[in-house]
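Walk me through this protein model. Start with the strands, then take the charged pairs, and end with the open space.

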Amino acid sequence: MKLLLLHSDYLEYELKDKTKFAEKADVKKERLEECLAAFVTVEKKDELSAQEVVVKAAEEIENIANTVKTKSIFVYPYAHLSSSLATPSMATEIVKDLAQQLSERKFTVLKAPFGWYKAFKISCKGHALSESSREITAEPEKIKREEVLKGIKGEYYILT
């Protein structure tokens, strides 16, 4: 997962057109003041360990939000940070899960709907910590020593 995080005076969007993957959207326009804008790109490799990636991303976003002293987070699906995208259905669920995790951590959270072309306006605060990016990955599966040794055949020779 790729994240672009901007400490912002505000972020607002307006829905323009649906894609064939568009989530249902009851609201066509939203705005959040004094927030951390979290532009989120879900990648193909995230599908294998979705829950782990969501938890790690929530922890990272929480750390940055606490550093810049904001309790509001705008989760914004943004497919433009990677060329290796997850399927739209998985990406939708992962972004929803991320927003839910952040809500459970006591943040005010807005989430822009997935699968829409949106116009947006943002005002980045511009201080030293106001712009950051992160790449979130799952831990590679650890292979036990015994499993490695099981596949190795050894022949021993005594040389005299």
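**Strand 1 and its partners**

Strand 1 and strand 2 run antiparallel and are joined by 12 bridges. This is a predicted model, in which local features need pLDDT of at least 70, side-chain atom pairs count only at pLDDT 80 or more, and totals for chains, interfaces and linings use all residues. Residues are numbered from 1 along each chain as its sequence is written, and side-chain values use heavy atoms, with hydrogens and water left out.

Strands here are DSSP runs of E with at least two residues, while helices are runs of H or I with at least four, both numbered from the N terminus. Two strands pair if DSSP finds at least two bridges between them.

Which other strands pair with strand 1? Strand 5 (residues 116-124) does, in the antiparallel sense, over 9 bridges. Strand 6 (residues 131-135) is also an antiparallel partner of strand 1, over 5 bridges. E12 stands opposite R31 in strand 2. Y13 has F120 of strand 5 as its bridge partner. K2 faces E135 in strand 6. In a regular strand, side chains alternate between the two faces of the sheet.

**A residue inside strand 1**

H7 lies in strand 1. Is H7 buried or exposed? H7 counts as buried, because its relative accessibility is 6%. The cut-offs are under 20% relative accessible area for buried, over 50% for exposed, and partly exposed in between, with a 1.4 Å probe and protein chains only.

What does H7 touch, leaving aside its neighbours within four places in sequence? Its contacts include C35, L36, V68 and T70. S123, C124, K125, H127 and S130 are also among them. Contact means heavy atoms within 4.5 Å.

V27 sits in the loop between strand 1 and strand 2. V27 is partly exposed, because its relative accessible area is 39%. Not counting residues up to four places away in sequence, V27 touches Y13 and L15.

**Charged pairs**

How many salt bridges does a search of the whole structure find? It finds 15. A salt bridge is a side-chain nitrogen of Lys or Arg within 4 Å of a carboxyl oxygen of Asp or Glu.

Return to R31 and E12. Their side chains meet in a salt bridge at 2.5 Å, N to O. This pair links distant parts of the chain: R31 is in strand 2 (residues 29-41), E12 is in strand 1 (residues 2-18), and they are 19 residues apart. E12 is buried, with a relative accessible area of 13%. R31 is partly exposed, at 39% relative accessibility.

K24 and D26 form another salt bridge, at 3.5 Å, N to O. K24 counts as exposed, at 74% relative accessibility. D26 is exposed as well, at 67%.

A helix holds the next pair. E52 and K56 meet in a salt bridge at 3.7 Å, N to O. Why are they about one helical turn apart? Because E52 and K56 are 4 residues apart in helix 1 (residues 50-67). E52 is partly exposed, at 29% relative accessibility. K56 is partly exposed too, at 24%. Elsewhere, E23, E93, K96 and K111 are linked in a network of salt bridges.

**The largest pocket**

Rolling a probe the size of a water molecule over the atoms shows where empty space is left. The largest pocket has a volume of about 480 Å³. A pocket is an open set of points on a 1 Å grid over the protein atoms alone, where a 1.4 Å probe fits, with protein on both sides within 12 Å along at least five of seven lines; lining residues have an atom within 4 Å of a point. The volume is the space filled by probe spheres set on the points, which are joined across faces, edges and corners.

The largest pocket is lined by 21 residues. P77, Y78, A79, H80 and W116 lie nearest its centre. Strand 2, strand 3 (72-77), helix 2 (88-104) and strand 5 each give two or more residues to the lining. Which element gives the largest share? Strand 5 does, with 4 residues. By class, the lining has 16 nonpolar, 4 polar and 1 charged residues. Ala, Val, Leu, Ile, Met, Phe, Trp, Tyr, Cys and Pro count as nonpolar, Asp, Glu, Lys and Arg as charged, and the others, Gly among them, as polar.
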